[in-house]
Amino acid sequence: MTRVLLTGGSGFIAAHVLDYLLERGHSVVTTVRSQEKADKIKDAHPNVGKDKLDFSIVEDIAQQGAFDKAVVSDPAFEVVIHTASPFHFNVTDVQKDLLDPAIIGTTGILKSIKKSAPSVKRVVITSSFASIIDTSKGGWPEHTYSESDWNPITEEAAKENAANGYRASKTFAERAAWDFVEQENPNFTIATMCPPLVIGPIVHYLNSFDALNTSNQRIRDTIQGKYKDETPAGAPYIFVDVRDLALLHVLAAEAESAANKRFFITAGHFNGNTIVDAIRKNFPEYKDNLPKDSASGGDFPEGGVYKINNKRAEELLGTKWTSLEQSVVDTVKSLKEVGA
């Protein structure tokens, strides 16, 4: 059994990470923003005792020292899995709403671990394909993305709009983590996880259906009939199932081979039409809500789209990928359960 601190425990990805940690026998403390969120998670695991699942309230991860108390535990933590970071485009101030929480949250927890949790040996950080992709290249069909690629976005470009701000927040935060390890030489190693579009069933408890995670919103909107005349293209055209991503977080925490490695976590390509096709095939009750035969969009960019190299995750962590169709099916089933 390993003692694990999981940040952002009520989030879409973290909720699945928590399930895998408990399933694999680990003891978990998860950070949440409020006691209400802690109570919801606790209620979802009624047979798990306080020795296996406990909580730490961290209201604002962008505050200096936000994690100072959270990283202290008895028994002491050996692993930290840091998933807490904003992913939304409802922003009024890119610096305050996106860049600061991502960058300060990431460097802040690393500082707190080094200062107050010397027993921690591995930190797994949720980054993003946003820190890999170079959007200025467009479809870039001749290129194969891998862990060696970095988004070249600048601070100036980051503040132009929310989408740039999000991609920059993930890029700058991940670079800051690698810089910290290089410059501070802490007792722990890190592993960063870089997924693209993340879809899959919801296991966290939404305050409202409108609070659905960003990546699943396009599936919700499709079954609700919002794309009858035009199918969304599907950018970034690659996906991963949330359950695969969550398990890979846990495997990266457990595996010696993941030490100081960056992982590009993707199962393969998709576009808007392939999502619609999966829904049409498996859920005939939504046929009148789906895009018409005459609907535009939904395809890959003209000229094609970049290739992917996901071999590191396959070879070092032994992952098996969930198919797009299965992921869409399970997503829709979970959306139906919450009232889609």
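**View 1. Contacts across the chain of this predicted model**. Where residues at least 6 apart in sequence touch (contact meaning heavy atoms within 4.5 Å), 80% of these contacts in the chain join residues at least 24 apart. Because the model is predicted, local features need pLDDT of at least 70 and side-chain atom pairs count only at pLDDT 80 or more, whereas totals for chains, interfaces and linings use all residues. Residues are numbered from 1 along each chain as its sequence is written, and side-chain values use heavy atoms, with hydrogens and water left out.

**View 2. Burial in the chain**. Of the 340 residues in the chain, 54% are buried, that is, under 20% relative accessible area with a 1.4 Å probe and protein chains only. The C-alpha atoms fill a box of roughly 60 × 45 × 40 Å, taken along the principal axes.

**View 3. Strand 8 beside strand 10**. Strand 8 pairs with strand 10 (residues 238–241) in the parallel sense, over three bridges, and I199 stands opposite D241 in strand 10. In general, strands of a sheet pair through backbone hydrogen bonds, either parallel or antiparallel.

Conventions. Buried < 20%, exposed > 50% of the residue type's maximum accessible area, 1.4 Å probe, protein only. Pairing = 2+ DSSP bridges. Helix = DSSP H or I, 4+ residues; strand = E, 2+ residues; numbered from the N terminus.
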